[in-house]
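Q: Please take a close look at one part of this structure and describe it for a reader who is new to it.

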Amino acid sequence: MPVVMDADRIGRTLTRIAHEIVERNKGTEDLALVGVRTRGVPIARRLARTLQEITGHEVPTGTLDITLYRDDLMRHAVGPQPLVRSTEIPFSIDGRKILLVDDVLYTGRTTRAALDALIDFGRPKAIQLIVLVDRGHRELPIKADYVGRNLPTALEESVQVRLQETDGKDEVVLDGGGE
Amino acid sequence: MTVNALRGKDLLGIAELSPEEIALILDTAEAMKEVGTRPIKKVPALRGKTIVNLFFEPSTRTRTSFEIAEKRLSADTLSIAIGHSSVVKGETLADTALNLEAMAPDMIVLRHASSGACHLLSRICRSAIINAGDGTHEHPTQALLDAFTIRERKKRLSGLKVAIVGDLLHSRVLRSNIHLLTKMGANVWVCGPPTLIPVDIARFGVTATHSIDEAVRDADVVMLLRIQLERMEGAFVPSLREYFRVFGMTEARLRLARPDAIIMHPGPMNRGVEIASEVADGPYSVILEQVANGVAVRMAVLYLLAGGVENEEAA
Amino acid sequence: MKRLLRGGRVLDPVNGIDGVRDVLIEEGRISQVGRDLPVNGATVTDIPPGFVVCPGLIDMHVHLREPGQEHKETVATGVASAVAGGFVAVACMPNTTPVNDNANVTLQILAKAAEANLARVYPIGAVSKGSLGELLADIAELKQAGCVAITDDGRPVSTALLLRRALEYAGMFDMPLIEHCEDPSLTGDGVAHEGFHAAALGLRGIPSAAEALGVERGVLLSELTGSAFHVAHMSTRPSLRAVRKAKEAGTRVTCEVAPHHFTLTDEALTTPIPYDTNVKMNPPLREAADRDAMLAGIADGSVDVIATDHAPHHYDEKQVEFDRAPFGIVGLETAVPLALDRLVHAGHIGLSRLVELMSVNPARILRVPGGSLSVGAPADVTILAPDLQVQVRVDRLRSLSKNTPFGGWELRGGVAATLVAGRVVYVNPDASLALE
């Protein structure tokens, strides 16, 4: 399966995004990072570290499990429920600019669920979306503010993001599918 | 091996659950507990689902707990408290349930005075049935919240010595707890007068004793069960005073347990009968935590039984 | 009318016959039993090989529910069920509404039986008026009207004193007293056998001692009065022990066991259907050791009779919570297949002993005709097909009520035909017996 981003490339991409964040928001004053489970979380933490290196300022980071907000729950008569994991947002989001972080942007439904969840936590000043890979095929009017890499894909293909923290190594792989 | 679903359509008792399913419920309850700490204590997970709380026995605590859990998951909830008069009027449980079914609730939470009432409903109704206490048979969500509380405090269930004291014969909480704790590897002791211990109790995988000192010695958890006033009438105990003298949980007896032992009670308590007030209000008591955890555990059960997607294909 | 049953294996323990014989029936009576009997104008039926011709089976414990509970069963539906089960006669219990404590009810039952004209019906009268356990019923009147025994079945006779008096009084007519043995204070509001399974299901228990206490009481009073005492639906080891001891001492005690007590155990409370009200009866299903003891008693002669305690209840009454359901299951149409499969084929007893348990002994205890194929005896005959594959079909039961736990059971052995007074009252369409 072709590796479309290797560890090196991922590292440089995240660094570039961190700089973009600082530039666009003119600093990191009222920012907070919220990583969408599962792989959005380590990406958010890495960004937080990089932002600290750049600005010397610690950006608060939280984790968000969007399972209970999914629009595809309860659609079928029977079936196992997706596992619910914990959400930890140990700071107030009121008045802050929330940087929502996810690994892949695809149909946009996960982001929609994450937005609903965040609104239940408070009233942020703004929400900006950061993704490592945008693979197209949006089904909702959602766009990312920061994109690591644009990767046009066919519907039957799938994008696998692997990270050191969760999978033991950093790489983004494109699975041809249908073989 | 972990599972991500419950096998059955209903929750009729702990007896039918595997240890993996129990762990799944407890893990899910942890995530649900966090919802109760948010400013908006609501998630849309069960939006549009109708849940009927059908209570044939009076209960404020359990019913309220279920109602809050259901509302936190955005379900539409309806509580029906059926007094004895309705039963006397002649409509059978089966007919009551079928009439309800015709209005298509997704889930029915049932509390009833007859053991096996939930099994009967499960055979008749398409809705998912959740047992909120049937006769003297089981009260599964109570045992689950008890286990959740123990796990929170002790970080595990396996290998703990748990002593359960009280009216074991008439207690559905006891049966559910015995099933759950033995399945999860705890060392369960039960204690009470011979008149209130079920026949063949050892076959449930527990150690039975009439000596409260023996039961409580080195225990990690001491769980007290209610003694009802009516037990004097069946000649089960001569008097509640005598019961307290022989089996009551006092501070002196508490000292026999481990220094970090916790005291539990499903409520409502008879102070001065099964438990001394100082113990109930003391630092070892987690009785109020049990109540708080009840909502999270019930949310987990409702969520897991409500059905969902076949796969994890997310976007 | 002459009928010749040719070539079947005839089992007539009273007359010491077990072998291939022909049976000639004339004017409703047994006229001849022998080898190669001449036809002489009789209607001939060739009995297929393996089929057994025996004296008609008698069920001495049946609830026909009429008068007063006709939604559960009537005399007509009850006797139809009986003959389909291979029974030529049933003795029916007095706990009807009103209770059969007087000649009027007795005669009403007999009239209905005559109208149905299928199995013979022998009413059993009450011990006490209304079976309330206060005053003796008019026992002589009951006997004269046609009752063959007395009982307050449904419950035990209320006090030892009343039981003593009833035994003395009925002894005058040599009428057996049949007792539902139980100490009600020990039973309390129990609904299932006091044991592990009831405890696990949260069902209040009925200890074995409750039944045994009733047996011990009856045995002592039978000894005191010298009267015949019959233990109904025995189910426990201590009861059997007491009966054995009494028999050894020469006391006039007999006892019966129902098919569910020699096949099922209290495990049926949980499997296959938890809280199945079709396994709720009194006395309840006991532990495996009790079931095995009943089998041993049946084999060694301690048990005298197999009787069904056929207790029909309407579907609505059983479709409720376990502790609210009435006690009892139907049994007329499953008794023979269960007995053949679980007693004979399982190797506990031979066919001859089965005939004793289900025909010879009931006739003897109730002092009614039957139990043999003696010349001149009424031609009440049951033809058994011991190797017939039977599947219990609840929808095909002739009883008005279908409360049985045996639905779907596959058993080896069934009834081929039933004749009462030489008349064919039942033919099993699946038994390939060409009987007109």
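A: B:Val190 stands opposite B:Ala208, a residue of β7(B). The model is a predicted one, in which local features need pLDDT of at least 70 and side-chain atom pairs count only at pLDDT 80 or more, while totals for chains, interfaces and linings use all residues; side-chain values use heavy atoms, with hydrogens and water left out. Residues are numbered from 1 along each chain as its sequence is written, and chains are lettered from A and ligands numbered from 1 in the order in which they are written.

Strand β6 (residues 187–191) of chain B runs parallel to β7(B), and 3 bridges join the two. Strands here are DSSP runs of E with at least two residues, helices are runs of H or I with at least four, and both are numbered from the N terminus. Two strands pair if DSSP finds at least two bridges between them.

Both strands belong to an open sheet of 5 strands in chain B, with the order β7-β6-β5-β8-β9 and parallel pairing. At its edges lie β7 (207–209) and β9 (262–264) of chain B, each of which pairs on one side only. On average, neighbouring strands of this sheet are turned by 20° against each other, direction ignored; the axes are lines fitted to C-alpha atoms, for helices over the stretch in contact, and angles run from 0 to 180 degrees between N-to-C directions.

Elsewhere in chain B, strand β3 (residues 107–112) is largely enclosed by the rest of the structure, because 6 of its 6 residues are buried. Buried means under 20% relative accessible area, whereas exposed means over 50% and partly exposed lies in between (1.4 Å probe, protein chains only). Both faces of β3(B) are covered: one side carries B:Met107, B:Val109 and B:Arg111, the other B:Ile108, B:Leu110 and B:His112, all of them buried.

This strand has parallel partners. Over 5 bridges, β3(B) pairs with strand β1 (residues 50–55) of chain B, where B:Val52 stands opposite B:Ile108. Another 5 bridges link β3(B) in the parallel sense to strand β4 (residues 128–134) of chain B, in which B:Asn131 is the bridge partner of B:Leu110. From β3(B), the chain passes through helix α5 (residues 117–124) of chain B to β4(B), in a β-α-β crossover that is right-handed. A crossover is right-handed if, with the strands pointing away from the viewer, the path from the first strand over the helix to the second runs clockwise.
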